[in-house]
Amino acid sequence: MSPTPTTDTDLFEIIRTTRSMRRLKPDPVPADLIRQILDAGVCAPSGGNMQRWRFLVVQDPAIKQAVGDLYRRAWDEIVAPRYREGAPAPGTSRERFDRMLAAAEYLAQHMHQAPVWIIPCLQGDAPGRTAGSSIYPAVQNMLLAARALGLGATLTTLYLNFEKEAETALGLPADWHSYAILPIGYPRGRFGPVKRVALADVVFSDQWGRPYQEGGR
Ligand SMILES: Cc1cc2nc3c(=O)[nH]c(=O)nc-3n(C[C@H](O)[C@H](O)[C@H](O)COP(=O)(O)O)c2cc1C
């Protein structure tokens, strides 16, 4: 049994160290920690504060097995070949990228063993920017909350390559759709820091392409 972790509370440290934790222990996660993660999720904003979200918490081994099989198939047949043939993520060495792929491979093999999955859902058939912007803030809140509680998690969507089959296996009504699966558990490795490209490469000032000037022009 994993020890109850101490809660980290420095927000910026949590943000900097919330990386995808794909290697998880199968040890159960106490219900009160799952509850705290869900509470953080529903603190997120949604358009008009309509909160049309639903969150499916999956702990049933048979459901995780069925959907985990689809996840692994999507990884093996579609996603892994694409990543392995392509260039590493920007600002990432081939070696580091290969480590990420190894972790993703591990998750694909062990997805069903994560003790708890949280699946954010919305009603309606219009996945896109508008719908996504009313659910992904809740997802990020939950990832940060899990990290603060010493729990590992990953935002995963590659099972959506088999969306229909996965959502049937999850028992979603026909007009409801999942936006991610968050496998959550005690991590085998250590948190963060995350690796990103420099701000100078992604931030502009006033005009597209104009380097960002702190404090304005
Ligand atoms: C929209 C989205 C979908 C993702 N889907 C998957 C996934 O299906 N499987 C996976 O292992 N990681 C998935 N990730 C995690 C990213 O690969 C990860 O966040 C990225 O490589 C940066 O690594 P880090 O989170 O460890 O900093 C996804 C992330 C996002 C934002």
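Arg54 stands opposite Cys121 in E2. This is a predicted model, in which local features need pLDDT of at least 70, side-chain atom pairs count only at pLDDT 80 or more, and totals for chains, interfaces and linings use all residues. Residues are numbered from 1 along each chain as its sequence is written.

Colleague: Which strand is joined to E2 by five bridges?

Modeller: Strands (E, at least two residues) and helices (H or I, at least four) are DSSP runs, numbered from the N terminus. Two strands pair if DSSP finds at least two bridges between them. The five bridges run antiparallel and lead from E2 to residues 54–58, strand E1.

Colleague: In E4, what is the bridge partner of Cys121?

Modeller: E4 covers residues 176–178 and pairs with E2 in the antiparallel sense over three bridges. The partner of Cys121 there is Ser178.

Colleague: How many of the eight residues of strand E2 are buried?

Modeller: A residue is buried if 20 or more other C-beta atoms, placed from the backbone, lie within 10 Å of its own, exposed if 12 or fewer, and partly exposed in between. Strand E2 (residues 116–123) is largely enclosed by the rest of the structure, because its buried residues number six.

Colleague: Against which elements do the buried residues of H2 pack?

Modeller: Those buried residues are Leu33, Ile34, Ile37 and Gly41. They fall within an arc of 105 degrees seen down the axis of H2, so they line one face of the helix; the arc is that of the directions from the helix axis to the C-beta atoms. Contact means C-beta atoms, placed from the backbone, within 7 Å. The packing partners are E1, E2 and helix H6.

Terms used: Contact = placed C-beta atoms within 7 Å.
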